[in-house]
Every structure is written in C-alpha cells, then in structure tokens.
Amino acid sequence: MKVVLKNPGGLTKEVKVGFSWTTFFFGFLPALFRGDLKWAIILLIIESVMGSFTLGVGAVVTGIVFSFVYNKIYIKELIEKGYRPADDHSRAVLESRKILSRAA
C-alpha cells in the first residue's frame, strides 16, 4: 500500500507503508537510494557488526527486523521534515497504522 506525502514547497513523494521488501532483499541500499543517509549508515553498521560475529546470520536477522520497521521510520522522518498527507486516503492510512495522530 502506498501513500502520497507533500511538503509545503509542493514536492510530493509516494511512499510504501508496511513491510519493506526492498530492505529485506537489499539491506541498507534502499535507504541510501532514498537519500536517507542516516538510516543507511545505521543499518550498514548494525549489519556489519552483527554479521561479523555470527558468520552473516546476524546481518540476515537485522535485515528481517528492519524490513518490518523501516518504511514507518522513513515516513515519520518525512513528517518531521514538514511533509503532510496529500489526500484523505493517505491521511486515513497513516492514522490507521498509528504513524500519524488524528490531531496532526
């Protein structure tokens, strides 16, 4: 499921909500390509550290865990940067997933 977010300058972003298949298969690369450098570095460090101690198994587990939460993290950071739902459907989806409060 996708939602559309719009910033005050008129720039819109279409963002997936829920499980991140791209993070599941490609680790930190989706965050890097989205321009989310902070989370790309965090994910790379965690995967590297966990993978080095567990012969790669820790990196796989980290990738699975981040696949469940990364899209939510990304949307929340966009909202903090001033993005808002572009339409009522997007707002309803974000409210139902508790990403956006009803008052916002």
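Q: Which residues in H3 meet residues in H4?
A: In this predicted model, Lys 38, Trp 39, Leu 43, Ile 46, Glu 47, Met 50 and Gly 51 in H3 meet Gly 58, Ala 59, Thr 62, Gly 63, Phe 66, Tyr 70, Ile 73 and Glu 77 in H4, where contact means heavy atoms within 4.5 Å. Residues are numbered from 1 along each chain as its sequence is written. Local features need pLDDT of at least 70, side-chain atom pairs count only at pLDDT 80 or more, and totals use all residues, while hydrogens and water are left out of side-chain values.

Q: Why is H3 called roughly antiparallel to H4?
A: The axes of H3 (residues 37-53) and H4 (residues 57-80) come within 10 Å and cross at roughly 165°. Angles over 145 degrees count as roughly antiparallel, and therefore H3 is roughly antiparallel to H4.

Q: What is the handedness of the crossing of H3 and H4?
A: The crossing is right-handed, the term used if the near helix is turned clockwise from the far one by less than a right angle.

Q: What pattern does the protein follow along the sequence?
A: The pattern is β-β-α-α-α-α-β-α, with five helices and three strands; helices are DSSP runs (H or I) of at least four residues, and strands (E) of at least two.

Q: What percentage of the 104 residues is buried?
A: Buried residues (under 20% relative accessible area, 1.4 Å probe) make up 36%.

How values were computed
Axes are lines fitted to C-alpha atoms, for helices over the stretch in contact, and angles run from 0 to 180 degrees between N-to-C directions. Angles under 35 degrees count as roughly parallel, over 145 as roughly antiparallel, 65 to 115 as roughly perpendicular and the rest as oblique. Buried means under 20% relative accessible area, exposed over 50%, partly exposed in between (1.4 Å probe, protein chains only).
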